[in-house]
Amino acid sequence: MSGVTARGAYERRMAEIRGLFESNGDGLRATAARSALVDEFVLRFWSEELQADTSLGKGVAVCAIGGYGRGQLFPCSDVDLLFCVEKGMEKPAKEPIRRLSQSLWDCGLQVSPATRTPGDCERLDEDNPEFALSLLDVRRLGGDAALFSRLQDKSLAKLRSRDGRAIGEALARLTRERHAKFGDTLFHLEPNIKDSPGGLRDVNASHWLHELRSGKRLILPDGVEKGRSPQPLMHVDHLPGDRIEGGELRDAVAFLSAVRCFLHYRHERDDNILDWEAQDAAARQRIGLTGRAGSGVDAAYWMRVYFRHARVIEKRLLREAESSGLQVETPASVKRLRGSNETGFRIKAGVLELEQVSPRGLDVALEPEIVLSAFRAMAESGACLAHSAEDRIVAAIPLLSANLEEGPGLWRRLAAILTGRQAGHALRAMHSLGVLELILPEFHGIDALVIRDAYHRYTVDEHTFVLIDTLHGMAAEPAVERGKSRGRDADKGGTREPQQEMEAWRVRFGAILAELQNPALLFLAALLHDTGKGRVGESHATESARLARSVLQRLEMDAYDSSQVLRLIEMHLEMSAAIRRDIFDAETVRAFAGRVQTHELLRMLTLFTYADITAVHPDALTPWKAESLWRLYMATANQLDRSVDEERVHTRVSVGGTGFWRKDEKIARVLALLPGREMEMEHFLEGFPERYVSTRSAETMLQHFEMAQRFDEDPFQMTFHHGATQSGSVVNEVTLVTPDRPRLFAGMTAALAAWGMNVVTADAFANQAGVVVDTFRFTDTFHTLELNESERERFLSSLRDLVAGRTSVEKLLSSRRRPRRRSPRVPVETRIEFDETASTHSTLLQVITQDVPGLLRAISATLSDLGFNVEVALVDTEGETAIDVFYLTLQGRRLTAEQEKELRTALLAAIEKNSR
Amino acid sequence: MQKIEAIIQPSKLDAVKDALVEAGISGITIFEARGHGRQKGHTEFYRGREYAVDLLPKVKLELVVSDEMKDKAVDAIISVARTGRIGDGKIFVSRVDEAIRIRNDERGEIAL
C-alpha cells in the first residue's frame, strides 16, 4: 500500500471515528476504535515486511504498550510500540522496524518504537521507571506468539516479583512529583485533565498500584490477530470496591475520556488543558453528560461535574496507595501529639482512626464533639483520616447534623481547628466529607466554584484553603539562607534571588502573626472571606460579610470579636487596592488609616492581604508587591498613633455652605436606635475621637450612652466581659464610663495590676462634655476570675472603690501577688519619644519597651504624679513589645521641652524599677 | 519604529494605560521595578524599629510604536504621569530596527 493511499485511508477512518464521537459523545468507544484502527495499520505494514522477509516471522513479536497497550488511544495520543526480539534478531529486524515506523509516521501517527529482548525487560531501569510501567499494559499485536508468551510469563513475571515494590515506589514518587507541579490540588481553574491530580493518569496509577500489590494481571484481548475487535478496556473493571464506588469511578473515567477526546479534536494535538474557552464549548455541547440531546449547560455547573468526577478518581488513588503502603501525596510532617489517644479516636503511624463506640455508647461518628476533635487533632498533627473513618463520617452526616449544637462551644472547636498548623489539610478533609458545610452551610456556594479572571489559579474553595495554608506557613522558622554573602537585606531589595527575597519577606510579615491577640479571628475571616462569590450581589466582600454575620450570630461570638471578623471581610480588598495608589502620599495613608483605625485590625489586614495575594497564584506576590505592602503597613501604623487626638467626632457637619447637615453613617445608625432622643445622643458623641466611633458597634455606643445617663445613681459605671478561651488564653474586657477626673487612668491600671491582670490593649477617650470611656482588655495571670465567678463582683467593686478614691492604691498594691518574672525571649530596648506635631493642643508621648506585668501601672502612675492629664491613651502589645501612646496636656497646654525632659527621666526610672 | 521606555509612579499606571489606549496605542509591556533617581534613600521608623528605604517602587512600561506615533505616545504618558514633584519618573526613546510577529512571521510596522 502506498504512503498516500494509506494516509488517505487512515484519515477517512479517523474522520468516521470523530463523526461517531460527535454524535454519541462516547469517549471510551472512540479511544477503543482508534486503538483498533491503529492495530490494523500496524499489522498491515508488518505483514508487508513479513512478505519481504519471512525470517521475521520468528523471533520478533509486535506489541502495544502504555495507553495503546490498554486499547485506549485518544485522537492525538502517541502510539507506543514494543518490538520484542530474540537475542541476535536486533540487527535483521532494525530496518523493517524503521520502515514500519516510517509508514506509520507517513500516515500521520506519532510513533515511539522501542526494541528490546525479553531479558532487557526483566529489570527495572531506575532512570526510566516509566518504561517498566508501560510494560505492565503490554499487548501482543502480532508476530512470534511463543516469544511473547516468554516475555509475558517469564521476563515480566520476574520483573513484577523482583522489582514490583521498587516499581510501586517509583510510581508513587512520579505521582508525587506530578501532583506537586499542580500545587497538590485538583481544583484548578484551567486543569490539565490528564496530568493534574484527579486526572486520567491517576486512574492508571491506581490500576498499576493494584496490579503490583495483588499480582493480578489484567488480561487484555489478543489484538485483531484472532479476528476479535478489542473492547474498550477500562482499568476500573479490575479495581476493587463496592458497586457504588465502582460505578462512580466508571462514570468518572467515562466523563474524563469524553473530555479528553473533545480537547484533542478541538486543539488538534495532544493538549489536555481544559481552558476557559474549552469549558464553555464543552458545557454548550454537554460533553461527558448523559442525555446529550438536551440544550447546553452553564459552564460553572459543568466544571462542578468535572471536579466531582476528579475527586472520585483522586480518592480511588489515595485508597489504593494506602492499601499498598505507599504515599502518593507530598507527605505532611506528622507531629506527635501529647496524649494521642483522645476520647473517641487514636492516631497511629500518621493515620487517625475513629473508635467504634463513644463513652456514651453511641457510634463515635455520630458525636459531633468527637468528630470535630478528630479534625482538630488532624489540624494540629497533620495526620490523615483513615478511609474507614471517612466512610463512617459520610454515612453519619444526616445524624451528625441533628446532634450538632451551635454557639460558643462550636466556635471553640472551630477555632481550635483553624489555628492548628495544618488547618488547611483538616479543612479540605472536612470539606470533601461534607462536615464543613454542615457547620457552615454558607461555604456550599463556593464548592468547586470557578470564577474567571486573569489571575486566579484555583477554584474559590481551594483558594480559601491555600490562603489559610499560607498564613500558617508564615509562622514557620526561616529557611536556612544560602549564598548569604551575595544577598542583601530585604529592606534594600535588589540583588537577592527572588526566592530568597520572598523568604525574607515571609519571615518579616510572619513576625506580625505572633503579635496577634486572637489569631482565630483572622482565620475565621479567611475561611469566610469569599463565600459571597457564590451569590449575586453588589460586591463579593459585602456579600461575604452578610453571610458571615449569620455565622457569627450562630456561633454567639462576642461583639468585639464579631466586629473584627466582619471588618476584615468587608475590607479584605482595600489594602491591595491601596498599594496601587501612591503609598508615599500622606493623604493615601491618612485615608487608609482612617478606614482601619486600630493596630490589631491593621495587623490582621496586612497578613490577610499578604496571604490572599499569595493564594491567588504562586507567583502573584512579587518582592515588589511585598515591599509596597510593608511600606503601607508601616506608614499606616505610624499614622494611627499620630492622628487620634486631632480627628474628633462632629455629629453635624456643614456641606459646602448649602445649609445641609450630614451625619456619618455609623452615627446615623446609633441615632436610629434611640428614636426621640437623638439630640441627647448627639451631645454624648460630640467630641469623641473618631477612632471611638469607628471601633465600637452602634449597640456598644448605645450602652455607653445609657451608662452615662446613670451617673446620678453611681458616677463610676462599669461593664465587665469575661472572654472566651482561645488558644489557651482568656482576654477579658472592662469598660469604665465616668465623668473625667484626675488620676482615673492611673487608678484603673493600678487596680488591674494589683489583681494580677496583664493589660493587652487599652484605650481611653473623652467627649466634649468630659465623659470618659476607658476600655481595658487584659489577661488574668492567676486565673482568678476564671476559676471563681464570685471573685468577679469583688474585682469590679474593688475597681470602683479605687477610682472613686474609697480605697488607696497603696493598700491594694500591698496585697498584690507579684507574678513570676520570665526572662524576655526577645529583649526590647526602651524608647521614649515625644511628638508636638501630631496634635494642635496636646503632646504625643510614645513609650516602646519590654512588656512586663505592672508596666502600664508604672507609666500611668508617673504621668499622674507629675500632674499630666491623659487626653487619649492607646495601649498596645506586639509580642513582647509594649507600645503605649498617650496624648498629654498639663493644665490644658502642650508640654514644654523642660517638662518633656523631666517626664523622660521619671519614666525611664519607673520602667526600670518595675522591671526589677 | 521607536521604543519608548517609561519609568513612572505605580499609582499612575492605570491613568497612563488609559491615556495610551485613547491615543490609539494598545500593546504595552509592564514591569514592576525598583530604583531611585535624584530621590535618595532614607530611614523610616516604625514602632521603635528602624527600616532603610533606599529603593522606591516604580513601574516600567515598554512599548514600540511607529515613528509618527512616537510624540503622541510620549505626550500621552507625560500628560497623566506628571505631578511636578520629584519622583515622577523618566521616558527614554530609542530606535528599533525590526519587529517580527512570531505567530505568522509578519515583519515591520504591521507586526506592532
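Start by selecting residues 70–81 of chain B: this is helix H2, in a model that is predicted. Helix H2 of chain B lies across S1, S5 and S6 of chain B, and runs at about 5° to S1(B).

Next, pick residues 13–22 of chain B to bring up helix H1. Helix H1 of chain B lies across S1, S2 and strand S5 (56–65), running at about 10° to S5(B).

Now turn to the strands under these helices' names. In chain B, 4 strands make an open sheet with antiparallel pairing, in the order S2-S5-S1-S6. Colour strand S2 (29–35) and strand S6 (89–95) of chain B to see the edges, where each strand pairs on one side only. On average, neighbouring strands of this sheet are turned by 20° against each other, direction ignored.

Zoom in on strand S1 (residues 2–8) of chain B, which pairs with S6(B) in the antiparallel sense over 7 bridges. Show B:Glu5 and you will find B:Phe92 of S6(B) standing opposite.

Step back to view the whole of chain B. Along the sequence, chain B reads β-α-β-β-β-β-α-β, with 2 helices and 6 strands. Of its 112 residues, 37% count as buried.

For the last stop, move to chain A and select A:Ser576, in helix H21 (residues 574–578). Is A:Ser576 buried or exposed? A:Ser576 is buried, because its relative accessible area is 17% and the cut-off is under 20%. A polar atom of the A:Ser576 side chain lies 3.3 Å from the backbone oxygen of A:Leu573. Finally, show A:Thr609 and A:Ile613: leaving aside neighbours within four places in sequence, A:Ser576 is in contact with both.

Definitions and conventions:
Residues numbered from 1 in each chain as written. Chains lettered and ligands numbered in written order. Predicted model: local features only at pLDDT ≥ 70, side-chain atom pairs only at ≥ 80, totals over all residues. Heavy atoms only, no water. Buried < 20%, exposed > 50% of the residue type's maximum accessible area, 1.4 Å probe, protein only. Polar contact = N/O pair within 3.5 Å; in protein donor to acceptor, adjacent residues only side chain to side chain. Contact = heavy atoms within 4.5 Å. Pairing = 2+ DSSP bridges. Axes fitted to C-alpha atoms, helices over the stretch in contact; angles between N-to-C directions.
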